[in-house]
Amino acid sequence: MYYEKLFDIRIDADLTQEGIAKILGVTQENYSRWETGKEFIPLSKLNVLCNYFHVSMDYALGLDENKTYKEVSLDKNIIGTRLREFRHNIGITQKELAKILNTTQSTISAYERGHTLILASFAYELAKKYNLSLDWLTNRHNTMFISQK
């Protein structure tokens, strides 16, 4: 599961949940819910974690063992453009993507126009279903898809 890697990263850094929560600017209780899989870590906090620990998003969520790291600030416009590019690449409409993610077409449109940051849980769902690289989606590298493990 994705959250097991969060635990591993924390343990490898010899940190408590309270210590990593402080780095991420959240409470220990919030972080605990992410590390136990009760809630999905927001993309903005995942980005902070990856920047701090110098790991890729794909690695941090257990999608890939490659830790190749590039520090970025999240840009909703770039992520939206890349989401649209991904959608076109796999040949589905906004409506079809909305159905896959159990959301509305207007939500997908807001993501693609850069008005709203995509939910990390939605991005993860796409990564699992289509091998989409979250590092590509967030402009950390230029390869759209993760190599098969």
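First, the ground rules. This is a predicted model, where local features need pLDDT of at least 70, side-chain atom pairs count only at pLDDT 80 or more, and totals for chains, interfaces and linings use all residues. Residues are numbered from 1 along each chain as its sequence is written, and side-chain values use heavy atoms, with hydrogens and water left out.

Let me begin with helix packing. Two packed helices are described by the angle between their axes and the distance between the axes. The helices I name are DSSP runs of H or I with at least four residues, numbered from the N terminus. An axis is a line fitted to C-alpha atoms over the stretch in contact, and the angles run from 0 to 180 degrees between N-to-C directions.

Helix H1, residues 2-12, and helix H3, residues 28-35, have axes that come within 8 Å and cross at roughly 125 degrees. H1 and H3 are therefore oblique to each other; under 35 degrees would count as roughly parallel, over 145 as roughly antiparallel, 65 to 115 as roughly perpendicular, and the rest is oblique. On the H1 side the contact (heavy atoms within 4.5 Å) uses Tyr 2, Tyr 3, Leu 6, Phe 7 and Arg 10, and on the H3 side Tyr 31, Trp 34 and Glu 35. That contact divides into six nonpolar residues, no polar and two charged. Here Ala, Val, Leu, Ile, Met, Phe, Trp, Tyr, Cys and Pro count as nonpolar, Asp, Glu, Lys and Arg as charged, and the others, Gly among them, as polar.

The other pair is H7 and H9. Their axes come within 10 Å and cross at roughly 100 degrees, which makes H7 roughly perpendicular to H9. H7 contributes Leu 97, Ile 100 and Leu 101, while H9 contributes Phe 122, Glu 125, Leu 126, Lys 129 and Tyr 130. The residues of this contact divide into six nonpolar, no polar and two charged.

Now to single residues. Buried means under 20% relative accessible area, exposed means over 50%, and partly exposed is in between, with a 1.4 Å probe and protein chains only.

Beyond residues up to four places away in sequence, Lys 5 touches Tyr 59, Ala 60, Leu 61, Gly 62 and Glu 65.

Leu 24 lies in helix H2, residues 17-24, and is buried at 2% relative accessible area. Leaving aside neighbours within four places in sequence, Leu 24 is in contact with Tyr 31, Trp 34, Lys 45, Val 48 and Leu 49. Tyr 31 and Trp 34 also belong to the contact of H1 with H3.

Further along is helix H4, residues 43-53, where Leu 43, Leu 46, Asn 47, Leu 49, Cys 50, Asn 51 and Phe 53 are buried. What covers them includes H1, H2, helix H5 (57-60), helix H6 (76-90) and H9. Just after H4, His 54 takes a positive phi of about 55 degrees.

Leu 83 lies in H6 and is buried, with a relative accessible area of 1%. Leu 83 touches Leu 97, Tyr 111, Glu 112, Ile 118, Leu 126 and Leu 137, not counting residues up to four places away in sequence. Leu 97 and Leu 126 are also among the residues that make the contact of H7 with H9.

Next, the loops. Most residues other than glycine have a negative phi, and most peptide bonds are trans. Asn 102 has a positive phi of about 55 degrees. Asn 102 sits in the loop between helix H7 (94-101) and helix H8 (105-112), and counts as exposed at 72% relative accessibility. Asn 131 also has a positive phi, near 65 degrees. Asn 131 is in the loop between helix H9 (120-130) and helix H10 (134-137), and counts as partly exposed at 22% relative accessibility.

Last, what lines the largest pocket? The lining is Ser 56, Asp 58, Asp 64, Asn 66, Thr 68, Ser 133, Asp 135, His 141, Thr 143, Phe 145, Ile 146 and Ser 147. By class, that is two nonpolar, seven polar and three charged. A pocket here is an open set of points on a 1 Å grid over the protein atoms alone, where a 1.4 Å probe fits, with protein on both sides within 12 Å along at least five of seven lines; lining residues have an atom within 4 Å of a point.

Conventions:
Helices (H or I, at least four residues) and strands (E, at least two) are DSSP runs, numbered from the N terminus.
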